[in-house]
Amino acid sequence: MKHSFIDKYSDLDSLIHRLDPRTRFITTLAFVVAVVLTPASSWRVFAFYFCFITVLFIISRLPPLYVLKRSLVIFPFVLMIAIFIPFFKQGEVAGSYNIWLWQVSVTYSGLFILANIVVKSWLCILSLILLSATTKFTALLKGLKQLGVPKVMVLILSFMYRYIFVLVDEVMRMRQARDSRNFGGNRLRQLKGIGNMLGTLFIRSYERGERVYVAMLSRGFDGEVRTLHKLSFKQADAYFGITFCLVLIFPVLSGG
């Protein structure tokens, strides 16, 4: 089966797509750092960064609906971590609620921190979507290697990208086999079946990893991944990087 949910639109032709992967990675990292270091009360700066990343999405020609769907995936994880902050942060009480035997209070300062976390997380995930959607994963890994990222980490990411599709196919086959056997019953039985599937998937993944490792050693693998494609840092990369950094620091220079 064919899966293309990681770098689905990396073959498009735009100014962003033509940049060197290292340029895209460094500018994305700079954007994330700028967003994280922005004071919580600087809502105008956050609005400016959102407009800036939106312009980059327009230049990259990525489908807006695709970007929106992928960006919304982060919200459940952020809320799962930060949802309790408004209840435990001290400050002026915004509301008090009775939940069974407990009375909980929500503070304005807690809600402010929650909103700040959500906004920063969303802006950061938008920048990462722009990076991953416009860059082939193999080219990104090659760029990370040339930037000095540890070789072991690059290899792990490389094998993850190569075999995640195999694991997805394995899960789909197991799910089809489960459904063909009339998977039903009460909730406890369903959870037991899902647990057995996860255990089987782990064992199969482990055994596949061992077979792949032995096969690579038998073919003389020495830990070095060699490719024919070479990355080149062009003049356009320098112009884009300088312009990007100037735009990032513009709110600071303008007193925003």
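A salt bridge is taken here as a side-chain nitrogen of Lys or Arg within 4 Å of a carboxyl oxygen of Asp or Glu. The views below come from a predicted model, which holds six salt bridges.

**View 1. A salt bridge between Asp11 and Lys136.** The side chains of Asp11 and Lys136 meet with an N to O distance of 2.6 Å, within the 4 Å limit. This pair links distant parts of the chain, 125 residues apart. Asp11 belongs to the segment before α1 (21-37), and Lys136 to the loop between α6 (108-134) and α7 (137-146). Asp11 is exposed, at 61% relative accessibility, whereas Lys136 is partly exposed, at 37%.

**View 2. Salt bridges of Arg18 with Asp13 and of Arg22 with Asp20.** The closest N and O atoms of Arg18 and Asp13 are 2.7 Å apart. Arg18 has a relative accessible area of 52% and counts as exposed, because the exposed class begins over 50%. Asp13, with 48%, is partly exposed. In the pair of Arg22 and Asp20, the closest N and O atoms are 2.9 Å apart. Both Arg22 and Asp20 are buried.

**View 3. A salt-bridge network that includes Glu170.** Glu170 is located in helix α8 (residues 151-180). Its relative accessibility is 7%, so Glu170 counts as buried, the cut-off being under 20%. When neighbours within four places in sequence are left aside, the contacts of Glu170 are Leu201, Arg204 and Arg208.

**View 4. Packing of helix α2 against α10.** The axes of α2 (residues 43-60) and α10 lie 9 Å apart, at an angle of about 155°. The two helices are therefore roughly antiparallel, a term used for angles over 145 degrees. From α2, the residues that meet α10 are Val45, Phe48, Tyr49, Phe52 and Leu56. Their counterparts in α10 are Phe240, Phe244, Val247, Leu248, Phe250 and Pro251.

**View 5. A nonpolar surface patch that includes Val252.** The patch is formed by Ile242, Leu246, Ile249, Val252 and Leu253. Together these residues have about 540 Å² of accessible area. Val252 is placed in helix α10, which spans residues 235-253. With a relative accessible area of 66%, Val252 is exposed.

Technical notes: Residues are numbered from 1 along each chain as its sequence is written. This is a predicted model: local features need pLDDT of at least 70, side-chain atom pairs count only at pLDDT 80 or more; totals for chains, interfaces and linings use all residues. Side-chain values use heavy atoms; hydrogens and water are left out. Patches are made of residues with over 30% relative accessible area and no salt bridge: like charges are joined within 9 Å, nonpolar side chains (Val, Leu, Ile, Met, Phe, Trp, Tyr) within 5 Å. Accessible areas come from the Shrake-Rupley method with a 1.4 Å probe; for residues, only the protein chains shown count as cover. Helices (H or I, at least four residues) and strands (E, at least two) are DSSP runs, numbered from the N terminus. Buried means under 20% relative accessible area, exposed over 50%, partly exposed in between (1.4 Å probe, protein chains only). Contact means heavy atoms within 4.5 Å. Axes are lines fitted to C-alpha atoms, for helices over the stretch in contact, and angles run from 0 to 180 degrees between N-to-C directions. Angles under 35 degrees count as roughly parallel, over 145 as roughly antiparallel, 65 to 115 as roughly perpendicular and the rest as oblique.
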